[in-house]
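Please look over the chain shown below with its salt bridges, helix packing, backbone angles and surface in mind. The briefing that follows takes these topics in turn.

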Amino acid sequence: MKEYEIVQHPQMDGITLFVDTLSYRTPHFHPEWELVWVMEGEMSIHCKGKQYHAQKGQIAVLGPLQPHELQAVGQECTFLCLQVASKLLEQFFPAARRTQLDDLFLQEHFPPQEYRQFQQTLQNMACIYLKQPEFYQLFCGGQVCLLWHSLFSNMPCRVLSAEEAAQAEKRSARLERLLEFVDQNYRQRIRLSDFAQAEGCTMNHISFFVHQCLNQSFQQYVDTMRFHCACKMIDAGNTRMTDVCYAAGFSDYRYFCRAFRRRLGITPEEYARRSQPAALQKSHLHHSIHSKERFYSPEKSLALLKQL
């Protein structure tokens with residue numbers, strides 16, 4: 001699975017909106033702009049080499065090709081997500097894809113009244129998108145333009161030069177190859193030096209690149225993949241822990257147990273025994289090595305939006 005995410009736009013060309021309850025989403029990136037509005041719980045966002053903390057009610061914006069990792073603070077976090085293709089915005093503002101924001105959170109830069117208006121516009125658009133009345137596509141397209149006009153007018157930003165944009169594309173392509181390399185090899189012995197050699201880079205250079213993009217070391221990222229793979233196998237009903245350990249890529253059972261204790265404070269056996277939360281009504285659970293999240297039906301999403 002490549003973590004250069006291909007965002008599908010089944011309803012409207014260039015616009016995707018959904019409500020999601022998330023436990024984790026490993027580092028990934030996509031060419032779309034993304035707005036994340038925390039509705040319940042709290043979320044940790046790793047990007048730009050920093051860790052940001054999004055509390056209930058806050059809205060964060062993530063730019064195109066910006067690697068980011070999402071993690072619930074606690075068990076789960078529910079949020080509204082709006083993803084907009086750069087090509088849609090470029091019809092009206094050609095530099096949209098090359099515009100870089102210097103911060104994630106809107107509230108710190110918007111005047112209070114304008115921030116409340118932004119929230120109201122986003123909520124109204126979400127409701128129309130989910131209800132799909134006649135001509136809703138025109139309404140949603142117009143609201144997206146208003147939202148991004150407000151974003152670019154209030155947030156600290158700058159337009160990258162053509163050369164800077166080309167370098168960003170080059171870094172994104174390398175990151176895509178790195179994530180694919182890990183996906184294909186994390187269940188066996190894997191060495192960053194092999195990837196560095198394939199890229200024609202020194203170990204120092206590629207190690208710095210990994211930490212800069214993922215905010216963690218290469219080995220930490222590999223261990224994360226192995227841990228989530230083990231969790232998925234256990235949740236699927238695998239109860240022989242030694243089998244799970246080696247199938248997930250851990251070479252040592254003690255290290256396998258330490259991975260669970262370090263992340264969850266419990267052993268793999270305790271994780272397997274603990275009761276799993278019942279699936280919420282009208283939702284679809286997606287659980288992979290890269291994410292554990294629950295997507296809602298339009299009806300359930302609308303009910304959750306009303307709580308805002």
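Is E169 buried, partly exposed or exposed, and what is its relative accessible area? E169 is partly exposed, with a relative accessible area of 37%, where buried means under 20% relative accessible area, exposed means over 50% and partly exposed lies in between (1.4 Å probe, protein chains only). The model is a predicted one, in which local features need pLDDT of at least 70 and side-chain atom pairs count only at pLDDT 80 or more, while totals for chains, interfaces and linings use all residues. Residues are numbered from 1 along each chain as its sequence is written, and side-chain values use heavy atoms, with hydrogens and water left out.

**Salt bridges**

- Side chains of opposite charge can pair when their charged atoms come close.
- A search of the whole structure finds 12 salt bridges, each defined as a side-chain nitrogen of Lys or Arg within 4 Å of a carboxyl oxygen of Asp or Glu.
- One of them joins K87 to D13, with the closest N and O atoms 3.5 Å apart.
- This pair links distant parts of the chain, since K87 is in helix α1 and D13 is in the segment before β1 (15–28), 74 residues apart; helices (H or I, at least four residues) and strands (E, at least two) are DSSP runs, numbered from the N terminus.
- D13 counts as exposed, at 59% relative accessibility.
- E293 pairs with R25 in another salt bridge, and here the closest N and O atoms are 3.9 Å apart.
- Because E293 lies in strand β9 (residues 291–296) and R25 in strand β1, this pair ties together parts that are 268 residues apart in sequence.
- E293 is buried, with a relative accessible area of 8%, and R25 likewise counts as buried at 8% relative accessibility.
- R97 and E169 meet through their side chains in a salt bridge with an N to O distance of 3.2 Å.
- The pair links distant parts of the chain, with R97 in the loop between α1 and β6 and E169 in helix α4 (residues 162–185), 72 residues apart.
- R97 is partly exposed, its relative accessible area being 29%.

**Helix packing**

- Two packed helices are described by the angle between their axes and the distance between the axes.
- Helix α5 (residues 192–199) and helix α6 (residues 203–214) have axes that come within 9 Å and cross at roughly 105°; such axes are lines fitted to C-alpha atoms, for helices over the stretch in contact, and angles run from 0 to 180 degrees between N-to-C directions.
- L192, S193, F195 and A196 of α5 make the contact with M203, I206, S207 and V210 of α6, contact meaning heavy atoms within 4.5 Å.
- The axes of helix α7 (residues 218–235) and helix α9 (residues 253–264) come within 11 Å and cross at roughly 90°, and these two helices are therefore roughly perpendicular to each other.
- On the α7 side the meeting residues are Q220, D223, T224, F227, A230, C231 and I234, and on the α9 side they are Y255, F256, A259, F260, R263 and L264.

**Backbone angles**

- Most residues other than glycine have a negative phi, and most peptide bonds are trans.
- K48, a residue other than glycine, has a positive phi near 55°; K48 is placed in the loop between β2 (32–47) and β3 (50–54) and counts as partly exposed at 35% relative accessibility.
- Q132 also has a positive phi, near 55°, and lies in the loop between α2 (112–131) and α3 (136–154), where Q132 counts as partly exposed at 40% relative accessibility.

**Surroundings of E69**

- E69 is found in strand β5 (residues 68–85) and is buried, with a relative accessible area of 11%.
- Leaving aside neighbours within four places in sequence, E69 is in contact with R25, T26, P27, S44, I45, H46 and Q216.

Key
Parallel < 35°, antiparallel > 145°, perpendicular 65-115°, else oblique.
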